[in-house]
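Hi everyone, thanks for coming. Please have a look at the screen.

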Amino acid sequence: MIIIKSKLKVFALIGLILSVISLFTHFLLARYTGQSFDGYRASFTIFSWRPIFQNLDSNRPTHRRLWGPVRSLESIHPHANPRGHYEAPALKINGFIFVRIQGGFHHIRNSICDVVVVARLLNATLVMPELQSTTSSKGISSQFKSFAYLYNEDQFIVALAKDVIVVKTLPKDLKSARRKKAIPSFRVPYSSSPDFYLHHVLPVLKRHSVVELVISDGGCLQAILPPHLEEYQRLRCRVAYHALHFREEVQELATTIVNRLRASRRPFIAFDPGMTRDALAYHGCAELFQDVHTELIQHRRAWMIKRGIVKGKLTVDSVAQRSNGSCPLMPEEVGILLRAYGYSWDTVIYVSGGEISGGQRALIPLHAMFENVVDRTFLSTFGELSRIYGRERHLVDSNPQPPPVQEEKKNESWKTSGPRPRPLPPPPSKPKTYNIEGWWGWVAESDNEPESTVTELRINAHKLLWEAIDYTVCVEADAFIPGFDRDGKGRPNFGSLVTGHRLYHSAASKTFRPDRKEAVKLLDEIGDHVYQANSTWLKLIRKHLSKTMLDGVTEAFKSSKPQSFLAHPVPECSCLKHEYFELSNHTSSPSNHLPLGVNLGVEYRCPTWMDNNVVSQSPKYKEYDEDLDEEDPTTSTLFFGEKSGNNEVNGEETNNKEVHMEDQEELEGAER
């Protein structure tokens with residue numbers, strides 16, 4: 001028996017040694033082998049995400065159509081520097097402006113840009129804005145406070161040194177006066193005019209040397225300013241795109257996630273669903289879900305009606321709202337549009353957004369159409385996310401205890417009863433608890449939603465950091481598509497800020513702006529046969545998306561810009577490249593032959609140094625651009641035929657002749 005046990009130990013030891021050698025060899029192969037192991041290495045880098053890819057040929061016209069720049073927008077370049085006489089901040093100021101900002105990520109970003117312009121307009125010193133959602137709640141990080149919780153304070157001060165004086169705190173005497181509520185305060189209306197500040201706020205500022213502004217609607221200055229204040233529009237761009245840098249820890253994690261997305265050496269799409277409960281309630285889109293979320297959205301709409309936010313009826317025909325483009329595109333619909341446009345099953349799609357009504361279940365159809373659908377939780381570890389929150393104290397009410405039984409409330413019969421057995425005391429009353437992830441019990445009990453718990457307040461603060469990460473990824477993405485462009489008050493939302501940022505920094509990058517009304521019409525036409533779509537319908541989808549990449553820019557000028565300048569910072573913050581500027585001076589050229597930048601009103605020529613730094617398109621690239629929008633697949637296996645065909649590569653050799661024939665078939669199919 002002892003001999004048998006000894007042999008078992010020997011065999012176990014040999015097996016362990018062989019396992020270690022095998023694992024070591026496995027890692028060596030993964031590290032030092034060629035291109036065939038790129039995807040495997042990426043799976044280690046990207047933690048829980050193991051990407052699956054087919055063969056990629058970046059030289060094909062299809063690839064250039066899907067990921068290449070938009071030629072009509074190549075004329076536009078960012079230029080937010082002052083262009084005329086622009087004085088430095090005066091040494092003699094009228095006083096201090098202290099600002100409290102309430103709201104979500106896009107409200108805060110809009111409001112900060114506005115208050116800097118207001119401080120410049122009133123010749124005042126701006127005290128670092130206070131973000132109510134991070135400082136007035138218990139349990140939030142004690143390491144970061146107010147503005148510094150989300151943004152880099154030092155970068156903000158240095159970047160705006162030539163525009164406005166920014167200080168971190170009020171002087172001691174004014175700080176004590178504020179604690180005593182002895183300084184004048186204004187609750188600023190949404191989209192106030194410059195005259196409001198000059199006629200109402202400025203006299204009070206001069207008299208008291210300090211004023212407090214409370215901003216809760218995501219914008220305290222009108223989006224479109226008079227022509228003589230055009231320099232103030234460019235100041236907004238300098239604030240939003242150059243001064244507002246995220247806190248170092250947040251920026252590092254966002255950059256790490258972008259690098260992990262690019263580790264596979266593949267371009268990726270960013271998708272912002274925009275399906276928040278407030279947006280769906282405001283626009284009457286509750287019936288899109290047909291489950292418990294419908295009840296929750298309707299409850300929120302009733303709350304909005306009661307407070308005057310919504311002026312319509314409680315019951316709204318969601319089908320009609322969807323048909324006229326007032327509801328978000330569902331993730332399934334966005335997936336169908338992208339597949340119809342030509343993106344393959346293995347395309348990497350990054351889903352942004354801190355809240356998606358319907359939860360992960362709403363994303364299931366998108367996962368079914370694309371293998372590599374990820375978000376920040378896929379591309380970061382729990383420890384990395386925890387580190388950006390800072391040190392947070394223990395939550396006292398995270399596990400509420402039932403109230404103690406009071407002796408004086410026991411039944412008299414129980415007290416005076418004889419020896420046991422005797423009746424049990426009445427059970428203590430249990431506190432009401434609600435499962436936020438599922439059914440919210442308060443919907444059937446009260447018109448008022450319960451007070452936010454400490455845990456919920458902390459999560460709301462964390463959402464600012466999550467959206468900061470998503471914002472960075474969306475701006476850096478090779479292509480971006482929003483599911484919706486309105487928030488819970490009918491104003492531009494997170495997705496609109498991203499499209500505006502991309503329009504400023506890289507106008508020619510692939511940014512889809514689908515016309516929801518037309519997209520829903522096309523989707524409804526094919527109905528139940530969408531997954532066996534014919535080439536005619538696919539061609540219509542492609543033409544629609546290609547067209548709205550340009551028409552969506554002009555449409556944003558009409559609909560989004562009057563409510564949020566950051567949603568469309570053109571033409572004030574843009575310039576024209578040299579050759580396009582010369583072309584615009586030829587009045588004989590018809591407007592439809594001019595670049596879109598000229599038609600958008602961009603009249604300022606880019607500086608010479610900027611023209612020299614712009615990398616022009618290669619002739620080979622331009623050769624295909626005119627025909628790329630006409631390509632159209634003729635296969636009926638668009639959505640679920642992803643793994644059929646010859647997708648594998650034998651060695652490193654590529655049959656260029658076969659690739660050329662495939663592209664030619666696509667072009668001929670479009671002509672037919």
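**Cysteines and a surface patch**

So, the structure holds 3 disulfides. Please keep in mind that this is a predicted model.

Let's take the bonds one by one. C237 and C573 are joined, with their sulfur atoms 1.9 Å apart. C237 sits in helix α10, while C573 is in the loop between α22 and β13, so this bond ties together parts that are 336 residues apart in sequence. C237 has a relative accessible area of 0% and is buried, and C573 counts as buried at 0% too.

Next, C285 is bonded to C327, at 2.0 Å from S to S. With -100° about the S-S bond, this link is left-handed. It connects the loop between α12 and α13 with the loop between α14 and α15, 42 residues apart. Both C285 and C327 are buried.

Then there is the disulfide of C575 and C606. Its S-S torsion is about 90°, so it is right-handed. C575 lies in strand β13 and C606 in the loop between α24 and α25, which are parts 31 residues apart in sequence.

What is the pairing when we number the bonded cysteines in sequence order? It is 1-4, 2-3, 5-6.

Now to the surface. A nonpolar patch, with F11 and I14 among its residues, has about 990 Å² of accessible area together. F11 belongs to helix α1, residues 2–32, and counts as exposed at 57% relative accessibility.

Finally, the chain as a whole: it has 27 helices and 13 strands, and buried residues make up 48% of its 672 residues. Thanks, everyone!

How values were computed. Residues numbered from 1 in each chain as written. Predicted model: local features only at pLDDT ≥ 70, side-chain atom pairs only at ≥ 80, totals over all residues. Heavy atoms only, no water. Patch = residues over 30% accessible without salt bridge, like charges linked within 9 Å, V, L, I, M, F, W, Y side chains within 5 Å. Areas by Shrake-Rupley, 256 points an atom, 1.4 Å probe, with all protein chains shown as cover. Salt bridge = Lys/Arg side-chain N within 4 Å of Asp/Glu carboxyl O. Helix = DSSP H or I, 4+ residues; strand = E, 2+ residues; numbered from the N terminus. Buried < 20%, exposed > 50% of the residue type's maximum accessible area, 1.4 Å probe, protein only. Disulfide = S-S within 2.5 Å.
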